[in-house]
Amino acid sequence: MHQPVTDNPFVIMVINMVIVFAVLTAVWGLIELVHLIDPTKKKEVPAAPPQAAAAPAAPVMAAAPAAADEGVSAETIAVIAAAVAACGCSPAQIKAVRPAEQPSWSRYARERGMR
């Protein structure tokens, strides 16, 4: 019938390790290839002039008085506008800033934590 090539466990171990590392090397090569031809990679764009940083100040101050009536301070509005600008959006895109409604489970958790 069929006879094994070897009964030595160390030879079998070396053969299996060579196969495993060959497969890992092939997967690594495929990953590097995908990184080279990645169509979703962002293109490098030249840096914009620093004049764009001064523009967000005007819309932020315009939104502050309307939100201050609802209990949100002007400083909070400025921080939110700065965070939105840091994410790449224009502060002019901010339509309203209002506190999020608290669901009952969070109120329950606070009450439970105070006990």
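Is Cys87 buried or exposed? I looked this up first, and Cys87 counts as exposed because its relative accessibility is 67%. My cut-offs are under 20% relative accessible area for buried, over 50% for exposed and partly exposed in between, with a 1.4 Å probe and protein chains only.

**Ground rules.** I am working with a predicted model, where local features need pLDDT of at least 70, side-chain atom pairs count only at pLDDT 80 or more, and totals for chains, interfaces and linings use all residues. Residues are numbered from 1 along each chain as its sequence is written, and side-chain values use heavy atoms, leaving out hydrogens and water.

**Cysteines.** I searched the whole structure for disulfides (pairs of cysteine sulfur atoms within 2.5 Å) and found 0. Cys87 is in no disulfide, as the nearest cysteine sulfur, in Cys89, is 6.5 Å away. Seen from Cys89, the closest cysteine sulfur is that of Cys87, and 6.5 Å is too far for a bond. I noted Cys89 as partly exposed because its relative accessibility is 38%.

**Overall layout.** I counted 4 helices and 0 strands in the protein chain, so I used DSSP runs numbered from the N terminus: H or I of at least four residues for helices, E of at least two for strands. From the N terminus on, the order reads α-α-α-α. Of the 115 residues, 9% count as buried. The chain exposes about 10,300 Å², and carbon and sulfur atoms supply 68% of that; areas come from the Shrake-Rupley method with a 1.4 Å probe, and for residues only the protein chains shown count as cover.

I checked UniProt, where an unreviewed entry lists residues 12-34 as "transmembrane region". UniProt positions follow the numbering used here, feature names are shortened, and annotations may be inferred rather than shown by experiment. In the model, residues 12-34 are 100% helix and 0% strand, with end C-alpha atoms 33 Å apart. Phe21 sits in helix 1 (residues 9-36) and is partly exposed at 49% relative accessibility. I also found Phe21 in a nonpolar surface patch of about 790 Å², together with Phe10, Met13, Val14, Met17, Val18, Val20 and Leu24.

**Helix 3.** Next I turned to residues 74-86, which form helix 3 and include Ile80. Helix 3 has 13 residues and spans 18 Å from first C-alpha to last, close to the 18 Å expected at 1.5 Å a residue; the expected span is 1.5 Å times one less than the number of residues. Ile80 is partly exposed, with a relative accessible area of 32%. Ile80 and Ile94 are 14 residues apart in sequence, and their C-alpha atoms are 9.4 Å apart. Gly88 follows helix 3 and has a positive phi, near 105 degrees.

Terms used: Patches are made of residues with over 30% relative accessible area and no salt bridge: like charges are joined within 9 Å, nonpolar side chains (Val, Leu, Ile, Met, Phe, Trp, Tyr) within 5 Å. A salt bridge is a side-chain nitrogen of Lys or Arg within 4 Å of a carboxyl oxygen of Asp or Glu.
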